[in-house]
Amino acid sequence: MKAVAVFPVKREVRVIDAPEPRLQSPTQVKVRTLETGVCGTDKDIVSFSYGTPPPGSDFLILGHECLGEVVEVGSAVKGLQVGDLVVPRVRRPCPHATCPACRGGHPDFCITGDYTERGIKEAHGFCSERFVEDVAYVHRVPRELREVAVLTEPLTIAEKGLREWERIQERLPWRPAPGRAVVLGAGPVGQLAVLTLLRRGFATTVYSHSSKPNPKAEAAEAAGAPYLSTKDVSPDELVRSVGEPDLIYEATGVVKAAFDALKTLANNGVFIFTGVPSDQQPLSLAGEEFLKQVVLRNQVLLGTVNAAATDFDAALEDLARFRARWPGGLERLITSRHPPEDFLDVVTGKAGKGIKQVITFS
Ligand SMILES: [Zn+2]
Ligand SMILES: [Zn+2]
């Protein structure tokens, strides 16, 4: 079967003919891949700065944002049948009995670091014609979400972040209403955060690099989030324009942009980091000002990675809600679809730029 693989030692990325996987336990399902989304993590993997093949393999099959269709079910599988659409989760638990996170079904909070991640760390991904997975790690997708469900995994980042935000704000002796939110970055993770925040009632602004007009700004504003460019609007002007944000959701991985915006955070505010930076100039930080701000204003800085089963369930429910509230809004985030042979060109930008670019298996 066709698969897109990275060979880190040979420094190659290409379509390979991989053996078709077979069911090895009665609780597994075999899935025909329909689509895999491409993101910054894939970009880091194909530039060989990230990503690890499974033990004993010289290659890693890419792809961690996936929508597929079940083609075979093991004898002990309940609740799924051939023809069902599914989205798989990415991270698998570490083997250690002493890891309360993994043993409790939350490898997204693994304390040992010995988890695996399909398409990223020591486990093949989903950018292949077929894959096999335990039913415990896949989520059934309503048929009506067929065109947009490849966005489920990137949406889980916002679902987890905001689930944590809710818990963090329980520290306040009153129940805070959703206030003002600023999203840094207007890529797919940022755009999906915008919809999640608007849906929860936040007055949401996007603060991102490119000047208007551009398609990312248009997508955000069509949903109801004003878009301001960091080129045209300083952090002080941002505050004058929309007020101090109670929540800043960082989805750029750009260190300077994050710390510039952090200065605008309101009292009791929460700053959520989701971007993973790479190859940037060291930042010099006014440490005294920074610590004074965080302490004297009761602020929380939160990093979040990966997502749990509950976040995938929430993402699928939200996709349906977003579709009802913003018809065509999710579809416009998927800006192009490509065959697997184009994977490298898509990841490196040679196949044009967009918001979310997707590999389609026919
Ligand atoms: Zn991704
Ligand atoms: Zn663990």
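1. Two strands are taken to pair if DSSP finds at least two bridges between them. With that criterion in mind, Val86 stands opposite Arg140 in β11. The model discussed here is a predicted one.

2. Strand β6 (residues 85–88) and strand β11 (residues 138–141) pair in the antiparallel sense, over four bridges. The pairing of β5 with β6 is likewise antiparallel and rests on two bridges, with Glu69 standing opposite Leu85 in β6. Both faces of β6 are covered: Leu85 and Val87 on one side are buried, as are Val86 and Pro88 on the other.

3. The zinc ion (ligand 1) is coordinated by Cys39 through SG, His64 through NE2 and Glu65 through OE, at 2.1 to 2.2 Å. The spacing of these donor residues in sequence is C-x24-H-E. The pair Cys39 and His64, 25 residues apart, links distant parts of the chain: Cys39 lies in the loop between β3 (28–38) and α1 (40–46), and His64 in the loop between β4 (60–61) and β5 (65–73). The cut-off for a buried residue is under 20% relative accessible area; His64 therefore counts as buried, at 4% relative accessibility.

4. What surrounds Gly63, not counting residues up to four places away in sequence? Gly63 touches Asp42, Arg118, Gly119, Gly125, Phe126 and Cys127. Gly63 lies in the loop between β4 and β5 and counts as buried because its relative accessibility is 1%. A separation of 11 Å is found between the C-alpha atoms of Gly63 and Phe131, which are 68 residues apart along the chain.

5. An open sheet is formed by six strands in the order β14-β13-β12-β15-β16-β17, with parallel pairing. Its edge strands, β14 (227–229) and β17 (300–303), each pair on one side only. From one strand to the next, the twist averages 20°. Strand β16 (residues 270–273) runs parallel to β17 and is joined to β17 by four bridges; Ile272 stands opposite Leu302 in β17.

6. Helix α4 (residues 188–199) packs on this sheet, where it touches β12 (180–184), β13 (203–208) and β15 (247–250). The direction of α4 makes about 170° with that of β12.

7. Helix α4 also packs against helix α9 (residues 309–325), at an angle of about 80° and with the axes 11 Å apart. The two helices are therefore roughly perpendicular. On the α4 side the contact is made by Leu192, Leu195, Thr196, Leu198 and Arg199, and on the α9 side by Asp318, Arg321, Phe322 and Arg325. These residues divide into four nonpolar, one polar and four charged.

8. How are α3 and α9 oriented to each other? The axes of helix α3 (residues 152–169) and α9 come within 8 Å and cross at roughly 110°. Angles of 65 to 115 degrees count as roughly perpendicular, and α3 and α9 are therefore roughly perpendicular to each other. From α3, Thr152, Glu153, Leu155, Thr156, Glu159, Lys160 and Arg163 take part in the contact. They meet Thr310, Asp311, Phe312, Ala314, Ala315, Leu316, Asp318, Leu319 and Phe322 in α9. By class, this contact of α3 with α9 has seven nonpolar, three polar and six charged residues.

Technical notes. Residues numbered from 1 in each chain as written. Chains lettered and ligands numbered in written order. Predicted model: local features only at pLDDT ≥ 70, side-chain atom pairs only at ≥ 80, totals over all residues. Heavy atoms only, no water. Donors = N, O, S within 2.8 Å, 3.2 Å for Na, K, Ca; no water. Buried < 20%, exposed > 50% of the residue type's maximum accessible area, 1.4 Å probe, protein only. Contact = heavy atoms within 4.5 Å. Axes fitted to C-alpha atoms, helices over the stretch in contact; angles between N-to-C directions. Parallel < 35°, antiparallel > 145°, perpendicular 65-115°, else oblique. Nonpolar A, V, L, I, M, F, W, Y, C, P; charged D, E, K, R; others polar.
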